[in-house]
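Hello,

I am handing over the structure we talked about, so please open it in your viewer before reading on. My notes come after it.

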Amino acid sequence: MSTLEQTASTDHHHGPAKGITRWLYTTNHKDIGTMYLIFSLVMFMVGGCMALTIRAELFQPGLQLIQPEFFNQMTTMHGLIMVFGAVMPAFVGLANWMVPMMVGAPDMALPRMNNWSFWILPFAFSMMLMTLFMEGGGPNFGWTFYAPLSTTYAPPSVTFFIFAVHMMGISSIMGAINIIATIFNLRAPGMTFMKMPLFVWTWLITAFLLIAVMPVLAGVVTMMLMDIHFGTSFFNAAGGGDPVLFQHVFWFFGHPEVYIMILPAFGIVSEIIPTFARKKLFGYTSMVYATSSIAILSFVVWAHHMFTVGMPLIGELFFMFTTMLIAVPTGVKVFNWIATMFRGSMTFETPMLFAVAFVVLFTIGGFSGLMLAIAPVDFQYHDTYFVVAHFHYVLVPGAIFSIMAATYYWLPKWTGNMYNESMGKLHFWLSFIGVNITFFPMHFIGLAGMPRRIPDYALQFADFNMVASVGAFLFGFSQLLFIYNIVCCAKGGKKATDRVWEGSHGLEWTLSSPPPYHSFSQPPKVE
Amino acid sequence: MRCNRLALLLSGFVISPAVFAEWEVNLVRGVTEISHAIFDLHMIIFYVCVAIAVVVFGVMLWSIIYHRKSRGAKAQHFHEHLWVEVLWTIVPFGILVAMAVPASQTLIQMYDKSEADINIQVTGYQWKWRYQYLDQDIDFFSNLSTPQDQINNKATKGENYLLEVDQPLVIPVGKKVRFLITANDVIHSWWVPALAVKQDAIPGFINEAWTVIDEPGIYRGQCAELCGRDHGFMPIVVDARSEADYQQWLASQNQAQEAEQAAADQTWTMEELITKGEAVYQTSCMACHQANGQGIPGAFPGLVNTPLMSGDGLEHARIVVHGRAGTAMQAFGEQLSDVDLAAVITYERNAWGNAGGMITPQQIKQLKEE
């Protein structure tokens, strides 16, 4: 036996490196998953502080704390950070941790690329946050950065913003490729596609969405860059360009993007509800088909964000019908979750509380989405707080609650320790109440006629704005409990068993808690 | 007693001290046929959603209460049922088709842009609206008229805080008014809830919208598309009048134009121009260049002690009249009268310690003719 082989074999079995290099050079899916999750939590707090700045300014009519210029920077950065810095990396982190363990793999398929796709993010976001301190301030044109406001009239820092968006896109695409490669190649023997856990299924579909649309975003920001610095006129009417072109290209990315932020949530909830209802998921097959149809439909509905730009009648009708159609598969999913709970044997630990709240509040967001789909009525709703209420119901108690549910659900598996259940429940109830106090009144002020993204408002909107701001602070500060609970759990506590939850199912629960450094060194057999 | 005080405190906390407005929770029903149709559509879909919610959340609540482990519920083993799954795909689809029919009808009605009685071009500028009556040769700008002191909490807020303008759009009731909507710089959106008209104003494009207002009144709206820092300060006021009142207003507009002409030919002193210019500065320039003339570094240049302010006055005037391409500096030549232009330029050249001399309305007139 040669020395080379010996080194290789001993190398294979040693544990993580020590110190900072463990994190800088790591190719281990668990380390990278952890880093993604911590990064996303940090971004969630940063974006949250921006949201609270906005809500503090809107507490009363008049300009009290910040000037409109800075207000616009806050709304823009809040949106960008929450979408690209908090929700997406959190899902990628969960995928990194769970996908190899759920399909019975030792690690991700492309571990070195995995390291890259994470480490790009902190640089991208540092650059984006730095723009706030540049002359002229940071991006101030909304997270949708409609041209020509974002090209001809933007502050100089927009170039850094474009570069940051490019980097985030590269990171997302690399992450998506990695997940697809892992799912296709590293499944345990016997695990057919129709036996894969739903979280894996939803992530597979999400990964394809990411690969399809992130280049579109890269394209649109590159066109902006050309318009700003190289004298082209993609979006400049005076040069023969078309400002509406920007919106079409942006929303061709942007609409699938909102499904990128919700499909993995569907997967998480489809894991958690059966566990705590102690009953198999109802309609596994229809769940898979529903998820795929939602993904496919998401590519043909983008212009429902643009009903008021002056589209021809036929376009309005097409986009109205296709948008309404999305309600069907989404409805199937909700009915399946409820059928799973029906005649189960339910208990309500923290992950289940978050999952149940997800189903209820996401459905409310779905209802307002259906209302928004009706084009003639959308003329009244468009760009008001009704829309803000709608997408926050889908993204906060939707995406973010599902991430919290997932965190509580798998935290004992990750750390080997149980989290504090009563603190978890307190966190849930404060978040649940806070979220509803914040976003429910926004439906009312939106219907009453308050446009979105305004730093100051007419007097008839004062009361509900005050209520919403109180709720926002309640929701924001209760997240400190979340962090505290996670930190305590990571440091120690009651030891968790391998199969943490009574009703848990799936390969990840056959591993020890915490799982070994290389999850499955022998591929498990799936019946 | 203590309890009462607490209740008072709480109500004072929840109900803002500034207003005792009703807690508006719904769309306005509006004053046009279309707005009524939209309102009805909104209510139908809302009730459909409520009905679905009651059924779905009802089943869920039932399960949460009765099928919990602590009550001794045993989990059943069913996890598939073809007919149920087919049924809850088809039934929602049917509901959607039923919804799509009235929605399409309303939409088609909204797109009937034929045979207008009056045509008005609406142009969005950062951050004001311009109204051009294409059949009457009337052309004016409509600016926010809420004083800065109210916005900065230095004065009590008025009843129509942020929803008031110096010159409203005046239109007659019962006539089909067609709006040709466009923008001069960035995308704006012209929105008046009571008319159910919301249409984006896009530079380089002309969008159409129309309305027939049933009853006279003042209807207020706001720009609905993020258009820069003063997006929240760009109100729309529509003053719908009876035909007779409308005709009277048309006549008064023509007189006002003649008066403006006369003012431009009159001789003005520097003090008069400075006084007038200060007011113009506040409506047209202050949003960017700030009350103290310092501007916002990196975004809007300052006007204090710069070579432009002390140098050639005509160069300064040229920028104000023609704007600066590719920047947020608009061409004010069309927006302001010759007197207003001369006044605001003179004001800028002599405020904040500047000493740049005066510019006369006649010089502006010459400049425009160049």
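This is a predicted model: local features need pLDDT of at least 70, side-chain atom pairs count only at pLDDT 80 or more; totals for chains, interfaces and linings use all residues.

The interface first. Chain B contributes 96 residues to the contact and chain A contributes 103. About 8800 Å² is buried between the two chains, and carbon and sulfur atoms give 70% of that area. On the chain B side, B:W88, B:K198 and B:L226 supply 8% of the area buried against chain A, which is more than any other three residues do. Between chain B and chain A there are 26 residue pairs in polar contact, counting pairs with both residues at pLDDT 80 or more.

If you want to find your way around the side of chain B that touches chain A, these elements each supply at least two residues: α1 (2-14), α2 (33-66), α3 (82-110), β7 (197-201) and β9 (217-223) of chain B. Helix α2(B) gives the most, with 15 residues. By residue class, this side of chain B divides into 57 nonpolar, 25 polar and 14 charged residues.

How many salt bridges run across the interface of chain B and chain A? The rule finds two there, while the count over all chains is 14. One salt bridge joins B:K69 to A:E502, with 2.9 Å between the closest N and O atoms. Another pairs B:R229 with A:E69, where the closest N and O atoms are 3.4 Å apart. That pair crosses from the loop between β9 and β10 (235-241) of chain B, where B:R229 sits, to helix α4 (residues 68-103) of chain A, which holds A:E69.

Now to the sheets of chain B. One is an open sheet of five strands in the order β3-β2-β1-β5-β8 (chain B), and its pairing is mixed. Its edges are β3 (138-142) and β8 (207-211) of chain B, each pairing on one side only. On average, neighbouring strands of this sheet are turned by 25 degrees against each other, ignoring direction. Within it, β1 (residues 118-125) and β2 (residues 128-133) of chain B run antiparallel and are joined by six bridges. B:Y125 has B:K128 in β2(B) as its bridge partner.

The loop between β1 and β2 of chain B is worth a look too, as B:W127 is found there. The peptide bond joining B:Q126 and B:W127 is cis, with omega at about -5 degrees.

Another open sheet is formed by five strands in the order β4-β10-β9-β6-β7 (chain B), again with mixed pairing. Here β4 (169-172) and β7 of chain B are the edge strands, each pairing on one side only. The twist from one strand to the next averages 25 degrees. Strands β4(B) and β10(B) run parallel and share four bridges; B:I171 has B:A240 in β10(B) as its bridge partner. Helix α5 (residues 243-265) of chain B packs on this sheet and touches β4 and β10 of chain B, its direction making about 135 degrees with that of β4(B).

Finally, two backbone details in chain A. A cis peptide bond joins A:S513 and A:P514, with omega of about -5 degrees, and A:P514 lies in the segment after α17 (462-491) of chain A. A:R343 is not a glycine, yet has a positive phi of about 60 degrees; this residue is in the loop between α12 (327-341) and α13 (350-373) of chain A.

Best wishes

Note on methods: Residues are numbered from 1 along each chain as its sequence is written. Chains are lettered from A and ligands numbered from 1 in the order in which they are written. Side-chain values use heavy atoms; hydrogens and water are left out. Two strands pair if DSSP finds at least two bridges between them. Axes are lines fitted to C-alpha atoms, for helices over the stretch in contact, and angles run from 0 to 180 degrees between N-to-C directions. Contact means heavy atoms within 4.5 Å. Buried area is the accessible area (1.4 Å probe) that two parts lose on being put together, summed over both. A salt bridge is a side-chain nitrogen of Lys or Arg within 4 Å of a carboxyl oxygen of Asp or Glu. A polar contact is a pair of N or O atoms within 3.5 Å; within protein, one must be able to donate a hydrogen and the other to accept it, and residues adjacent in sequence count only if both atoms are side-chain atoms. Ala, Val, Leu, Ile, Met, Phe, Trp, Tyr, Cys and Pro count as nonpolar, Asp, Glu, Lys and Arg as charged, and the others, Gly among them, as polar.
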